[in-house]
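Me: I would like a close look at a single part of this structure, placed in the setting of the whole. Please give the cut-offs of the terms as they come up.

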Amino acid sequence: MEETLIVHINFSENVVRKQLWHHFYHSWKKKLPTLFRNFLYALFIIFVFDSLIGKKTRYDFFQFALIFLGLTCIIYLINFYYQKINFSSKLNKHIDELKGYHPVTELYFDEKSFQINNEQYDIRSLWKKITYEVSGTNILVHIDLNTSFTYLISKEETNQYTEILNFLKNKAKAKNK
């Protein structure tokens, strides 16, 4: 017996805005361990060169490390707020563009594939190319199209949220964290 699920999602500006902001913060949260690891690598390299070349005490190095940490945090905060402002302006343009399209998106789940149909794009992918992750009340469906494509499904925008999640659990792979 072939199992299929068809979901119709109506466009809601508030839901889309909330989803995209959630995705922005989620992606930054995933970057933090890498940023911290890069900071530690840089500090280690500076420590090695300082111990080989310099004739300073450990107190001088720890003082330098704290200053370096402070400057790195300031640079990353500036970068974060710059990216946030840039994302905000792009988000507003994107939502204005979405308002001009047909407001219904159709999701088709079947035994072999997953398909997204709307006026902007028509994407179909086999289940082996699809991963998903649940973040709060959002499902992030990642489709490997040789580029990263993520479709967000919110609990607020559909009453078939649990059916979608169960279908994804059975057919797609959970994304490794």
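This is a predicted model: local features need pLDDT of at least 70, side-chain atom pairs count only at pLDDT 80 or more; totals for chains, interfaces and linings use all residues.

Reply: Residues are numbered from 1 along each chain as its sequence is written, and side-chain values use heavy atoms, with hydrogens and water left out.

The chain has a radius of gyration of 22 Å, whereas a compact globule of 177 residues would have one near 16 Å; the radius is taken over C-alpha atoms, and the globule rule is 2.2 Å times the number of residues to the power 0.38. Along its principal axes, the C-alpha trace spans about 75 × 35 × 25 Å. The chain holds 3 helices and 8 strands, where helices (H or I, at least four residues) and strands (E, at least two) are DSSP runs numbered from the N terminus, and these elements follow the order β-α-α-β-β-β-β-β-β-α-β.

N117 lies in strand 3, which covers residues 113-117. N117 counts as buried because its relative accessible area is 17%, and buried means under 20%, exposed over 50% and partly exposed in between (1.4 Å probe, protein chains only). Of the 177 residues in the chain, 32% are buried. The side chain of N117 makes a polar contact with the side chain of Q115 at 2.9 Å; such a contact is a pair of N or O atoms within 3.5 Å, of which, within protein, one must be able to donate a hydrogen and the other to accept it, and residues adjacent in sequence count only if both atoms are side-chain atoms. Leaving aside residues up to four places away in sequence, N117 touches V104, T105, E106, Y108 and D122, contact meaning heavy atoms within 4.5 Å. Across the chain, residues 24 or more positions apart account for 59% of the contacts with a separation of 6 or more.

L52, in helix 1 (residues 13-53), is exposed because its relative accessible area is 65%. L77, in helix 2 (residues 58-99), counts as partly exposed because its relative accessibility is 46%.
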